[in-house]
Amino acid sequence: MNVPFVDLKIQYNSIKEEVQEAINDVLDNTAFVLGKRVFDFESNFAKLHDANFCLATNNGTSALHVALWAAGIKSGDEVIIPANTFFATAEAVALTGAKPVLVDNDEYYNIDVNQIEDKITSKTKMILPVHLYGQPANVGKIKEIADKHNLLLAEDCAQAHCAEFNGQRVGTFGVAGCFSFYPGKNLGAFGEAGGVISKDVDFGRKMKLIRDHGAEEKYHHIVMGHNYRMSGIQGAVLGVKINYIEKWTEMRRANASLYNELLAGIPQLETPKEAEFAKHVYHLYVCQVERREELMEFLSSKGIASGLHYPIPLHLLEAFKDYGYKKGEFPRVEAEASKILSLPMYPELTKEHIKYVADAIKEFYK
Ligand SMILES: Cc1ncc(COP(=O)(O)O)c(C=O)c1O
């Protein structure tokens, strides 16, 4: 049996006609950039997360950048982020000229809220937690800290579509919630795409200006901006797929439950924990394992793909060398980086697939 890490084809086949019709409509109307399909998606995505505004962008990195830019983050500022995240979170901070200030993990692979206040300086302007792997960070506590110190809060929700903190969907706890719709994400386009949601419509308008070269009216540029517009085809695809995201989320959660059940009791493996306040949407199913490289090789020999998210913590990356972080500064993230292993996870994964993966892991440790 072959178990790929993600299978985009099954999902495409399940909605092929609907999605092709939507794409054809974009082609027939030559609505290649923004257009009705994108604007409809924006309003539906805002509703899905109980926001008042959504800005569709051309990827998740630009979604983060436009949000930070509109929030006024600039050179000389500091933005607090987790040490364990995809590089783009830090990159968006760096693009504004600000410094990414890192914090170690908690037991859920998210930013440790108990270490945030130690990192606040007179330069700190924003806390930017990431709801990593699909599990909300403790954004309630983070909001309390941000309010106490008069800091902005924005959320990196790139992996957390429809995830909930105490029953509230992520993305509107602060000024902005930034999403990626990269094809492999829980809600994935057929190319690059992203978006930002906000409760604050005026803030949304600021972002909208930046998305389109600082102009509301063609050639009347009010501020400096960028070109971060979403293409019409991605809006059409996302407009179809948004109707399935809640169903696909429940399928991911059921798959995670089955993994948890079948992998329980293996002393060399720790399954992911769901925080009491969290509805985890399992963009990734991440375990900690012993003899990881050998296990990966064994799984691969059985046709099972696996991944590492992320093998090198931010502060140990070459791109980070000028910030002066040292090895040993974030012990939890560093220790976990050599043990984490992501198993195949997507909504259409079958019980047989999951059982096959679990059996292979048991066979390896036997
Ligand atoms: C946590 C996180 N932030 C930001 C991004 C950036 O999104 P994109 O790849 O759409 O630019 C990603 C994408 O992988 C991500 O996982």
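Predicted model: local features only at pLDDT ≥ 70, side-chain atom pairs only at ≥ 80, totals over all residues.
Helix H3 (residues 36-48) and helix H8 (residues 232-241) have axes that come within 7 Å and cross at roughly 45°. Residues are numbered from 1 along each chain as its sequence is written.

**Helix H3 and helix H8**

- H3 passes H8 in a left-handed crossing (the near helix is turned anticlockwise from the far one by less than a right angle).
- On the H3 side, Arg37, Val38, Asp40 and Phe41 meet Gly232, Gly235, Ala236, Leu238 and Gly239 of H8.
- The residues of this contact divide into four nonpolar, three polar and two charged (Gly counts as polar; Asp, Glu, Lys and Arg count as charged).

**Domain 1 and domain 2**

- The protein is divided into domain 1 (8-241) and domain 2 (245-365), with bounds from an automatic or database domain assignment.
- Taken over C-alpha atoms, the centres of domain 1 and domain 2 are separated by 24 Å.
- In domain 1, 33 residues are in contact with 28 residues of domain 2 (C-beta atoms, placed from the backbone, lie within 7 Å).
- Helix H1 (8-14), helix H5 (87-95), strand S3 (99-103) and strand S6 (164-165) each give two or more residues to the side of domain 1 that touches domain 2; helices (H or I, at least four residues) and strands (E, at least two) are DSSP runs.
- That side of domain 1 divides into 15 nonpolar, twelve polar and six charged residues.

Conventions:
Axes fitted to C-alpha atoms, helices over the stretch in contact; angles between N-to-C directions. Contact = placed C-beta atoms within 7 Å.
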